[in-house]
Amino acid sequence: MKLTTLLVCDAGLDKRQTIEDLIHSQPSLALVSTVSGSMAREQIGSLHPKLVWIELSPAPVRGLSLLAELRETFPEVYFFVSYEVPDPELIRTAYRLGASDFLDAERWRTDLPAAVQSIQLKHQSESISTAAGKVIATFSPTGGIGATTICTNLAGYLGKYGEACIVDLDLQFGMVAQYLNLEPSFSLSTIDFSHTNFDATYLRNLMTRYDEKLSILAAPPDLEDIGDIYAAQVQEILYTAKQEFRFTLVDLPKNLLDERAIATLDLADEVLVVTEYNWAAIVNARKCLDTFKAHYNQEKLLLIINRSEWQPQDVLSECRASLNYPIFHEIPNDVKTAKWANNQGQISPPQSALGKSLDSLARRLGGGEQLLIGQKDSEPATKGFKLPAFFKR
């Protein structure tokens, strides 16, 4: 499948020719036209490209404004953004505004093939049959919130509704295997991506079974093994798992700029954003959700409150208003059970408060009850972010 590509470039003939040559060098891309920023909207509407490449030179701010405008007008189109240097602020803003990838002049020749392959896999995944399984990514922008505990235990309860697996994508410090008291013989780092038949059988042989309903693909045991795992390969793993398992849960790292995390978020059917009611976690969750909303539908982003302790109603109202996002599920602060489950390498017991809550969450994700907790109708959504007064005392 060729991706019809429109180049938007006001940077002069030399830069335009360089990028056109890059596009022509990719067998999967088909350049349909090169236009100025002022003509971009009209040409996208006329030519219907699958991919739009925006060069930010000579005016990066203006280029990002164009990206925001075009992304809102043409949500079905993929966008690449390029600039001479990898400026961190431009990269963050471009991703927040909906760019699929950011390419800089120093590395675009090496990075472009992987970026194109990532879009192809994403486009392919959007046409997957609804009969296929579901990929659920678990992400917490704040460390120590309990996202891995939720991921492992939730997978155990989802096993009641169909076979589940966990892919531990926290490549540096993944703990899924340890939390389930497993000693994997294989991990993500042992996968041979040159294998001629990367299919469900090959994937299952690399996994470690917890029980008949749950298997895991562990993170690499050594830090030096993580460099050979690329975004397109992660998507291939998830695409295969989605065809084989009813539920594929992915435990993500904290780094949102990790290309493997972005690839997973693109492919996931649902993203569980995990936070709790403390001021730092609320700040990070709000920042994370604001970024995600530029890329994904709200139905895909599910806000989970972990360790939800009893607070006065006015404090809870302030917390929820500060998050300014509907809450999908709240998990009680059952620290004793969580520690026992992790230390014993077992799924939390169904009679515990934690087990009951995760059983309820699994039922909803498996197609059961659909009601959201959400904000009270009487609580107007806030436009700006403000910490609850409770946390300022």
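Which residue is the bridge partner of cysteine 165 in E10? Threonine 248 is the one. A few notes on the rest follow.

1. Ground rules. This is a predicted model, with local features needing pLDDT of at least 70, side-chain atom pairs counting only at pLDDT 80 or more, and totals for chains, interfaces and linings using all residues. Residues are numbered from 1 along each chain as its sequence is written, and side-chain values use heavy atoms, with hydrogens and water left out.

2. Eight strands form an open sheet in the order E8-E9-E7-E10-E6-E11-E12-E13, with mixed pairing. Strand E8 (208–211) and strand E13 (327–332) sit at the edges with a single partner strand each, so one side of each has no neighbour in the sheet. From one strand to the next, the twist averages 25°. Strands here are DSSP runs (E, at least two residues; helices are H or I, at least four), numbered from the N terminus, and two strands pair if DSSP finds at least two bridges between them.

3. E7 and its neighbours. Strand E7 (residues 164–168) runs parallel to strand E9 (residues 214–217), joined by four bridges, and valine 167 stands opposite leucine 217 there. E7 also pairs in the parallel sense with strand E10 (residues 247–251), over five bridges. Isoleucine 166 stands opposite leucine 249 in E10.

4. Which way do the E7 side chains point? Ala164, Ile166 and Asp168 go one way, Cys165 and Val167 the other, and all are buried. Buried means under 20% relative accessible area (exposed is over 50%, partly exposed in between; 1.4 Å probe, protein chains only).

5. A helix on the sheet. Helix H11 (residues 279–292) lies across strand E6 (134–139), strand E11 (270–275) and strand E12 (301–308), at about 160° to E11. Axes are lines fitted to C-alpha atoms, for helices over the stretch in contact, and angles run from 0 to 180 degrees between N-to-C directions.

6. Glutamate 55 deserves a look. This residue lies in strand E3 (residues 51–55) and is buried, with a relative accessible area of 4%. The side chain of glutamate 55 makes polar contacts with the side chains of serine 57 at 2.8 Å and serine 82 at 2.5 Å. A polar contact is a pair of N or O atoms within 3.5 Å; within protein, one must be able to donate a hydrogen and the other to accept it, and residues adjacent in sequence count only if both atoms are side-chain atoms. Leaving out residues up to four places away in sequence, glutamate 55 touches several others, including Lys15, Tyr83 and Trp108; contact means heavy atoms within 4.5 Å.

7. Aromatics. There are four aromatic pairs. Tryptophan 53 and phenylalanine 80 have ring centres 6.0 Å apart and planes at 75°, so the pair is edge-to-face. Rings of Phe, Tyr and Trp (its six-membered ring) pair if their centres lie within 6.5 Å, with planes under 30 degrees apart counted as stacked, over 60 as edge-to-face and the rest as tilted. Both tryptophan 53 and phenylalanine 80 are buried, and ring pairs link Trp53, Phe80 and Trp108 into a cluster.

8. Charges over rings. The charged end of arginine 364 sits over the ring of phenylalanine 328, 3.9 Å from its centre. The criterion is NZ of Lys or CZ of Arg within 6 Å of the ring centre and within 35 degrees of the ring normal.
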